[in-house]
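Subject: Structure handover

Hello,

Here is the structure for you to look over. My notes follow below.

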Amino acid sequence: MPEESPMISRTSAEGSRSTDPCVTLDGRDGEQIQVLVRSPEPDDQALGLVLDCMTRSAADHSPWNQYLRSDISVSDMPVKLDGSRRPGGYQPSPVPRGIHLRHHDTLLKKLFPFTDITLICDPDSRDTVWGFSVSEVDCLHFIYVKSAFRRFGLGSWLLRETGLWGDEVIMSHRTPALYRAWPGIRWLWNPYRMMAWN
């Protein structure tokens, strides 16, 4: 079972033009971090970050790759002389990367109106996104925290905010990082959930 939730307190964003709440989290090393919590607006540039992150991750960890391992990522693979990655234990997708990126982008744009997207941002700049979650009532589509802001409990806070925290969680996008971050959760992978709106 996942560890207990970090201490959380909510305040209003001081000096902010919006009424978005700020959340203060106690990290694992006793440090505190304050984040601004908000939802994206329809023309928000943050949606580009969410879309890009999810699309690239899906291309790197393809739904057609049945051998996804929790201990290896595309970024961990050895680099060949031409700059490309060598598969050392990794099975590449049978779908060319360009095709995967273009069509997954289209798929996600159709999915987003049916999801809840939560952004965690710099409290001094609501346009500086540190992490996000994309979910529905019973499915986690994606969760991401930028590497500089990991180990503060932001990912666990985002997961709890989706209401999906528990022993088993349905997910539509799988990544090695998801398995590493929460090894106590049994992840039930269903890539077709990203097409439930269709």
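How many of the residues of α3 are buried? The count is 7 of 9, so α3 is mostly covered. Buried means under 20% relative accessible area, exposed means over 50%, and partly exposed lies in between (1.4 Å probe, protein chains only). Helices (H or I, at least four residues) and strands (E, at least two) are DSSP runs, numbered from the N terminus.

First, the basis. This is a predicted model, in which local features need pLDDT of at least 70 and side-chain atom pairs count only at pLDDT 80 or more, while totals for chains, interfaces and linings use all residues. Residues are numbered from 1 along each chain as its sequence is written, and side-chain values use heavy atoms, with hydrogens and water left out.

Overall layout

The chain has 4 helices and 8 strands. Read from the N terminus, their order is β-β-β-α-α-β-β-β-α-β-α-β. The chain holds 198 residues, and 46% of them are buried. Contact means heavy atoms within 4.5 Å. Take the contacts between residues at least 6 apart in sequence: 56% of these join residues at least 24 apart.

The buried residues of α3 are Leu154, Gly155, Ser156, Trp157, Leu158, Leu159 and Thr162. Glu161 also sits in α3. Glu161 counts as partly exposed because its relative accessible area is 42%. After α3 comes Gly163, with a positive phi near 80°.

Thr118 lies in strand β4 (residues 116-122). With a relative accessible area of 18%, Thr118 is buried. Setting aside neighbours within four places in sequence, Thr118 contacts Val37, Arg38, Gly131, Phe132, Ser133, Trp157 and Leu158. Trp157 and Leu158 are among the buried residues of α3.

Arg151 is in the loop between β6 (139-145) and α3 (154-162). Its phi is near 75°, a positive value in a residue other than glycine. Arg151 is exposed, because its relative accessibility is 58%.

Where α1 meets α2

Helix α1 (residues 46-60) packs against helix α2 (residues 97-111) at about 135°, and their axes are 9 Å apart. Axes are lines fitted to C-alpha atoms, for helices over the stretch in contact, and angles run from 0 to 180 degrees between N-to-C directions. That angle makes α1 oblique to α2. Angles under 35 degrees count as roughly parallel, over 145 as roughly antiparallel, 65 to 115 as roughly perpendicular and the rest as oblique.

From α1, the contact uses Leu51, Met54, Thr55, Arg56, Ala58, Ala59 and Asp60. From α2, it uses Arg97, His100, Leu101, His104, Asp105, Leu108 and Lys109. By type, the residues of this contact are 6 nonpolar, 3 polar and 5 charged. Here Ala, Val, Leu, Ile, Met, Phe, Trp, Tyr, Cys and Pro count as nonpolar, Asp, Glu, Lys and Arg as charged, and the others, Gly among them, as polar.

Cysteines

How many disulfides does a search of the whole structure find? It finds 0. A disulfide is a pair of cysteine sulfur atoms within 2.5 Å. For Cys121, the nearest cysteine sulfur is that of Cys22, 9.7 Å away. Cys121 counts as buried because its relative accessibility is 0%. Cys139 is buried too, at 0% relative accessibility.

Best wishes
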